[in-house]
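Open the model in your viewer and keep the selection panel handy. We will go from one selection to the next and look at what is there.

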Amino acid sequence: MDHLNNLNRRTLLRSLGCGFGHIAASALACSSHAADSTSELINPLHERQPHFPARAKRVIFIFMQGGPSHVDTFDYKPILAKRDGELEVFDDARVLAKTKKITKHRIFQSPWKFKQYGECGQHVSELFPHIAKQVDDLCFLKGMHTDGVAHGPATLFLHTGSINLIRPSVGSWVLYGLGSENDNLPGFVTLQPSMGNGGPRNYNNAFLPSIYQGTAIGRAGGRASDIKLKNVTNSRWTRPQQQRQLDILRRLNEQQIAKHAGTAEFDAVLNSYELAWRMQITAPDLLDLSQEPEHIQNMYGIGQKATDDFGRQCLMARRLCEAGVRFVQVNYGDNSNNPRWDQHSNLEKHAEHALNTDQPVAGLIQDLKQRGLLEDTLIWWGGEFGRTPYAQSNGTGRDHNPDGFTIFAAGAGVKPGFSFGQTDEFGHHAIQNKVHMHDWHATLLHLLGLNHEQLTFRHDGRDFRLTDVHGDVVHEIMT
Amino acid sequence: MVLFGLFVLTRPVLGQDSSQSDLTLKSEELFEKHIRPTLIEHCERCHGQKKQQSGLRLDAKEGWEVGGDSGPAIVAGDMDSLLLEAIRYEGGMDMPPKGKLPDSTIEAFEKWIQLGAFDPRVKRSNHSAAKTTTPQQVDRSFWSFQPLVTPEVPRSADTKEWATLDLDYFILDELHKNELEPAPIADRETLIRRIHYDLTGLPPSVEEITAFVNETDPNAWEKVVDQLLDQPAFGERWGRHWLDVVRFAESSGGGRTLLFPDAWKFRDYVIESFNRDTPYDQFIIEQIAGDLLTSNDHLERQRQLIATGFLLLGPTNYEMQDKDILEMDVVDEQLDTIGKSMMGMTIGCARCHDHKFDPIPTADYYALAGIFKSTLSLIHSNVSSWNKVDLPLDEKQETLIAKQEAELARLENDQKSKQNRIDELQGTLKKMKQINVDSINAVVLDDIDATREGVWKESIFIAGYVGKQYIHDENMGLGEKSVTFEDAGDAIGSYRLYISHTPGSNRASKVAVKIRHVDGETSVTINQRPPGPIHGSFTELGTFTFSEELPAKITIANQAAQDGVVIADSIVLAPVAQSIDQTFPTLASTKSPEQQQEIESLKSQIAEIEQEIKKEKQAATIRPVAMAVSESQSPGDIEIAIRGVTSQKGERVKRNVLSAAKWEPFQDLDESSSGRLELARWIADRQNPLTARVMANRIWYWMMGRGLVRSLDNFGSTGTAPSHPELLDHLATQLIEENWSVKSLIKTIALSSTYQQASSLTESSAFDSENRLYHRANRKRLRAEDIRDTLLKIGKTLDPARGGPSIKAGTKIEYDYQFESRRRSVYLPVFRNTLPEVFEVFDFADPNIQQGKRNESTVASQALWLMNHPLILDQTRNAAKALLSLELNTDKRIELAFLQTLGRFPSKLEAEIMEQLAESINDTAVGTPSNEQELDQWTMVYQTLCQSVDFLYVN
């Protein structure tokens, strides 16, 4: 953290040139002025050059918590209907971890019909009618596999590349690698994250400096219409009162700093108040969706019962991206041990989750596209694992499946209308063009212009990276 | 590739009579056309010059000949070569991992190997399989492994005036060598605030400041130091330092974060140890092996047991399904924490390979790991748990508990013998293992036809089940499983329902059985521990009516909070008018009226006894437990896990200590012990140069704001070298010689001139900008706890209660926890996933990571907290209220506010600025402000002072 203190007097004086009094006139004008001349030195989150030219500048990760079933959504397996009800030997990941045995399971057909869509002819089930219309913009990875059989470990693995060890989150690594594109907002935001299955560790900085930690806005279980950034409103002082207070504080601090004869370490403190003030002015507006025209809100399904909540998250994600937030995660999850898409029984419930998210996700992709943002924004849709093609304990649901599942990407740098990798005939194991979660992490960083082997941080006397000693960049999916 | 492969297939298979040279030629052709390109494209990225996964290289002949961790990859002519197995996806080691090669390519490999596996490639660099260094090869020359020396104090004529103590001469000597001078001694206002925060974490009171500033006694400083060291607040401050070092937390964090309801006992133990000034060597022995020490009384024994909680407080993912890996992960975390916290060594690296930078071979790691694998830390279940032990109590309580236990045992015996007599009279089912479905004169729904949700295990282990088996939930997947009995055929109308189970002490005591009937759904709870009251198997559920639209449907579900195994066996639907004996004719035995009477009488006696047992249990003294380890049932050495993969066993290594340490390793262990105590004593040995150096350096850091070795937890070659190696040894030696007294070393540092320097920049600062040589005092940030505690103190709401449980009673999960307590911050619960906001924002130690050094960030979220958080708004308002209750003029008020918050008097200019603030807040106010306006003014004065740099830093 020493670099935080490496600030010189010159910088300080410049930054003080636009004190709180001036900010009052135009908060944002001041912010951009400060950014031009001094952000390199004053702001530890200043934008940094990637290792090589980046295809994507920012990421929106749409987290489908609980493990959506790939064989009921995007990975069409006709054999499941043909052999529905038959017993077949499968090396079930959970049974294997617990008993080291392989047992028979009942093949379970998808209750939903599949159809081909778009020019690319991608199969999509009737669960996602809106996303189906966008398939020519999407890039599917159907040979995904990952570590961790239970939700906690697999969710942590998805976010941090480790099922048990304490490691920084993907978003923290990205922020550490690239810095922030703005200087009045956090650089890594997660909207309404789940408190379960790793909770804050899924957006934590671990051993990276704390400036890289994700900022949670709201939490799962709350309403998207109520969420706000912490400590940006004051219950006691009016804005003019607080502005005067900060002016006096600046004078008091100048007195105190002068007495200590030129130590630079205080400059960061002064700067933090200025940034805080700008954040306080900017952030609430950003999350206020009433400023969006009705037709845009409709695109995301805002105002409709099923889609209102997730639609709001998705629209906020777009606004945060526009404002220069580097990594935005939207979460469709809850705080339970069997979160959202986790249909161990009653698979039919998948329909509810699909309904809640289909239009918001499609709306987000469409909206980013029409604004040109999709050109440098990477979208990643997926869960922590997929589900088994057979019924769990011969019941009405599917168990976790870390050995084969589907995610999709869209936007900056990935081939549109493309599908890569496949699972076996049942959809149980990825078999061809397999992409491990480590590989996907490496690929994501690559798209952002970062070499996953070079993006390291020294801790405990050794260099750590997101992908540990693994990860191969999947060049095949890139434009 | 595919085309080439097909081409190979069309070639005639070579006959046995082909000459050797022909074979080689064909093999060579195969190699160049198929094998080499495939190896380059699919294999060498992970098994080549750059990487050698599993120790295997395939970029030269020698690579596959020697092979990797599992032995040679290819044996010429051997059609079962490991490589073939891997590319055929047969043995579980499926290669290449991204997808199976085309069949034709696999056949090309088979042919090539059959033909002798010609390979012209020679090795370019050293093969790097997992070799382990022998202890003899370990390099022990690194500075931190050298024995402690007692360096001569570098006194010289020109140093006398400034230096107070020996340690000052070391500092001064180094400054003079660099032609620098130390800073002058700080003013008394600064000193009193500094020492109060450093020793107690609280600001001095106004009286303490004025008393010290006006004191003329030359020993006043020492008196202050002694007084503060004696305050309980000292242990609260310094105990918290140690809690940082040992990643203390009150929940497991990670996936399914579990609360540690007894962890507060460890926290109190640490605080108490610092206050008692427990010798540091004893302190660490207790934490590693307190359970193996002897004790003089029950209090000492309690401390010893609680201390070992140290080993269990880590961020463990108890939910992990592979328990072998889970156990090794816990051992790894224990070693890592011991290594870094006590010896400044990153031992964890050696789990997978010889340590790249420090002399720790993999064999050392598993020698140490064997000790902790021989220690009982975990209790396994679907979601495992940590080990707990009963704490001993004083003699009186022990006698009482013994009495209670004896009484309980007597009652239970009585109950049992009476039940036995009933069984005897009833001609019990005990000998009848299996009850035939046909022998029951009613509709029987057997488990074999029931619908199962979740995994249920079939069993015939305990007698008395209906049909060919019963099933149980293995006490796993709690809340996820159920068994539904349906298809009761023509059971329409009213029926008396019975449920059967096989009893046992491991059973669930509250199993919910749901019955759907015409009037809705009824839930009945049954206890599956005792035998069913009817013939030892059956329990009556009640009478219910079923219709054609709503036929019988009975569901047994396991519960999230189940206390044992749930059994599902059968449901019996008998006509209402039918007696028990009619329903179970073969089980009934003819009994005389006398016998029947005796049974009835026994039953009522049992009911009475059960009441007494219940009463006894309610009144019983509950024995406290602690998170603590025990010795494992079967201690022993373990094998090296190759590359850290638990299932790949290598050589077995004897339990031992780090071979890089210079003194004698410990003798062969008694096979019946884990070796923990021996390890603990070895770490705490005065000959161990690391232990005393690491702790002396920590104490220096906590006092001076920066370590002599800056990497506090890493004294290895990737850490930093000491700025003053001789001073470090001087301090370490003192620590040992003063019987490992932490307080004594703190006092020495506090009395030194070095500690008492001013923090302002001096002329020397230009040449020593990082203050590596301590030419001035380091300015220290207030910690999260200091900020909160100070605000509560000036707001006069600080709750002085010490010790005891920190988590509010009734808390089940950390999420949404409201940190409402007004006690000192050290007594707030530390959850791994949920911290008080002030902790999160102001760089509180992340309990997920062992880290002795606090981060010091300056970020906008801190400013936002200081501007807007209710805690600062409320406490400053309280402070303002108290201020206004005093009869003071504005000048005096400002002066008092400065003393409370910044520990000093205001300068003239500062006073003017604050006066302006006080006046400016109500710009509409004319004349005398109202009480409310005045309160606002002074609230803002306090808040602004608490936002200023002189509040946030200790000068």
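Start where the two chains meet: in this predicted model, the contact draws on 69 residues of chain A and 65 residues of chain B. Now select the chain A side. Which of them gives the most? Pick helix 9 of chain A, with 12 residues. Colour this side of chain A by class and you will find 28 nonpolar, 32 polar and 9 charged residues.

Next, move to chain B and colour it by domain. The assignment gives domain 1 (2-114), domain 2 (282-393 + 623-685), domain 3 (428-588) and domain 4 (868-954). Note that domain 2 of chain B is listed with two segments, 282-393 and 623-685.

For the next stop, select the open sheet of 4 strands in chain B, which runs in the order 6-18-12-15 with antiparallel pairing. Strand 6 (443-446) and strand 15 (538-546) of chain B are the edge strands; each has a single partner strand, so one side of each has no neighbour in the sheet. From one strand to the next, the twist averages 25°.

Strand 6 of chain B pairs with strand 18 (residues 570-575) of chain B over 4 bridges, in the antiparallel sense. Select B:Val444 and look across to strand 18 of chain B: the residue opposite is B:Val572.

Definitions and conventions: Residues numbered from 1 in each chain as written. Chains lettered and ligands numbered in written order. Predicted model: local features only at pLDDT ≥ 70, side-chain atom pairs only at ≥ 80, totals over all residues. Domains from an automatic or database assignment. Contact = placed C-beta atoms within 7 Å. Helix = DSSP H or I, 4+ residues; strand = E, 2+ residues; numbered from the N terminus. Nonpolar A, V, L, I, M, F, W, Y, C, P; charged D, E, K, R; others polar. Pairing = 2+ DSSP bridges. Axes fitted to C-alpha atoms, helices over the stretch in contact; angles between N-to-C directions.
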